[in-house]
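Keep the view open as you read.

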Amino acid sequence: MRRRNVLPGLKLSLGITLFYVALIVALPLGALIFKAASLGPEAYWNIVSSERAVASYRVTVTAAAIATAFNLVFGVALAWILVRYKFPGRRLVDAIVDLPFALPTAVAGIALTALFAPNGWLGAPLMDAGIRVAYTPLGIMIAMAFTSVPFIVRTVQPVLEDLDPALEEAAQSLGASDLSIFMRVILPILGPSILAGVSLCFARSLGEFGAVIFIAGNQPFQTEITALLTYIRLEEYDYAAAAAIASVILIAAFVMLIVTNLLQARGLRYTARS
Amino acid sequence: MSRQTHTKSPRVGDGALFRRTLIALTLIAGTVLVVAPLAIIAVQAFSRGFEYFAATITDSDTRHAIFLTVVTALIAVPINTIFGVAAAWAVTKFDFWGKRFLIVVIEIPFSISPIVAGVAYLFVYGLQGIFGPMFQDAGIRVLFALPGIVLASMFVTAPFVARELIPLMQAQGRDLEEAATSLGASGFRTFWSVTLPNIKWALLYGVVLCNARVMGEFGAVSVVSGNIRGQTNTLPLHIELLYHDYNTVGAFAAAFILAGLAVVTIIAKVFLERQGAGRRARPTLAAPFVAEKTQ
């Protein structure tokens, strides 16, 4: 496998890459970690474990978890109907799935707020039914679900497309019911891609800002997400607190990144064998 | 692929009742969650008539916001494209120590909250940051000015071009480039006439997605721009400003422009996917980690 590489451009391409990564990605993240670390353990802990900060973690993580759970069902169903069924407008639906990625988050934020406001198209009937969406945790969940739904569809869809019909036929010929085939044959094959999609979806929801702040109401302890608390601390010129809270989001993102990579590596081993 | 199975027994979930129910439920949820927001933007933007819409988007602050957004994209997108191509070339054409780590680092901005990105830039170029006082003495404004907006945009979109090219170039291998080089072609000639024709659609695909994200970025730019009306407001920030001024119709008029950009992006995406770019051409899960082992 080791052979001499005759291709030119290693120095130039790697030089540009390392320079860019160092200047654009590593330097700012390093500066943030440095700033947070320079607070000292006690001051750092006091900020990140303050009541308001902890409440914001609770709001963010709960909303992200519920939005992800919703997208798990909705995303797999959407991938399923796009791959397995033919219906008018299927290709249009397939294209529209990417809208949440293409639509700027601020635009999504004001649109969802208008839609779910107490006098909005969907907010008004929901108010009649006694459900308030805008300016409540439910609104945060809807904004998070909107911005992250393509992740699960787009990770599950290709695996579903490549699914060998022979597997189902074998199970059918042995007399298994559809439900049993789905649970015991199809789901295990989709498993790694679903997990990868779920972790991407959850990570995106944890960090979402633009779409959430318009619909959230932003009441401390109730509808204030961690990213917004960071922003508020900045506006108060409390840079130490902003650095500390931002570092918590950063650490959470790194943990999610490691989890995603491990899941992908596992998924690849799994698919490479078959 | 599934065509020939239609003559045999129906596949799982092909029962008419189940199929129709699932399609109906999913499409209703999809309409509520994805289509309705798009529709309400159009309705709200024109709710006071076309004249008012035209007046809002030709207002000098809005025009300046559009101008700033376009200038930011014109700077950030080409630089990101050069970086993406260089990174893909380095990672796929050579073996070196720490390569997998480098790929992970390139992907980092993708999983980081835009607010964190903005705050991080504050601690580099802000007055309380590492280089802030130095730039201040030199009379260079980075934050609350165009350079800060461009830098923050480049951070959030750093992986966009590279992540489209790396899996594709990994799968294509090195044989063609090695043949061209051994026949005496220069590095740039090899890239231009051998590599580029094979990756052009994927490259364009990455550029389109990168551009959409740069023009729509809100969180990171919001922190570093200072939101100065008519000066450092990009279009997404201008939407927020109008919205908080209780000029809802104006906010939706500005949002309508960005929604139009999103629709154009999706159409371009569909076109490029038909040319073989994007997820259809890509192995199911991120390939960079295995391809080198199986070669």
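Helix H12 of chain A covers residues 226-235, and eight of its ten residues are buried, so it is largely enclosed by the rest of the structure. As for what gets called an element, helices (H or I, at least four residues) and strands (E, at least two) are DSSP runs numbered from the N terminus.

Before going further, a word on what you're looking at: this is a predicted model, where local features need pLDDT of at least 70, side-chain atom pairs count only at pLDDT 80 or more, and totals for chains, interfaces and linings use all residues. Residues are numbered from 1 along each chain as its sequence is written, and chains are lettered from A and ligands numbered from 1 in the order in which they are written.

Back to H12, and to the arginine on that list. A:Arg233 sits in helix H12 of chain A, and it counts as buried because it has 22 C-beta neighbours inside 10 Å. What does A:Arg233 touch, not counting residues up to four places away in sequence? The partners are A:Asp238, A:Ala241, A:Ala242 and A:Ile245, where a contact means that the two C-beta atoms, placed from the backbone, lie within 7 Å. A:Phe146, by comparison, is 87 residues from A:Arg233 in sequence and 27 Å from it in space, C-alpha to C-alpha.

Now look at the backbone on either side of this helix. Most residues other than glycine have a negative phi, and most peptide bonds are trans. Just after H12(A), A:Tyr237 takes a positive phi of about 60°. In the loop between helix H11 (210-216) and H12 of chain A you'll find A:Asn218, which isn't a glycine and yet has a positive phi of about 55°. With 18 C-beta neighbours inside 10 Å, A:Asn218 counts as partly exposed. A:Phe221 belongs to the loop between H11 and H12 of chain A, and its phi is positive too, near 75°. A:Phe221 has 12 C-beta neighbours inside 10 Å, so it counts as exposed.

Among contacts in chain A between residues at least 6 apart in sequence, 76% join residues at least 24 apart.

Where does chain A meet its partner? In the interface, 88 residues of chain A are in contact with 85 residues of chain B. Helix H13 (residues 239-273) of chain A gives the most to chain A's side, with 16 residues. By class, that side has 66 nonpolar, 14 polar and eight charged residues; Ala, Val, Leu, Ile, Met, Phe, Trp, Tyr, Cys and Pro count as nonpolar, Asp, Glu, Lys and Arg as charged, and the others, Gly among them, as polar.

Over in chain B, there are 14 helices and zero strands. Of its 295 residues, 46% count as buried, and its C-alpha trace spans about 65 × 60 × 30 Å along the principal axes. Five residues of domain 1 of chain B are in contact with eight residues of domain 2, and the domain 1 side divides into four nonpolar, one polar and no charged.

B:Leu176, B:Glu177, B:Ala180 and B:Thr181 in H9(B) meet B:Thr190, B:Val194 and B:Thr195 in H10(B). By class, this contact has three nonpolar, three polar and one charged residues.

Methods. A residue is buried if 20 or more other C-beta atoms lie within 10 Å of its own, exposed if 12 or fewer, and partly exposed in between; C-beta atoms are placed from the backbone.
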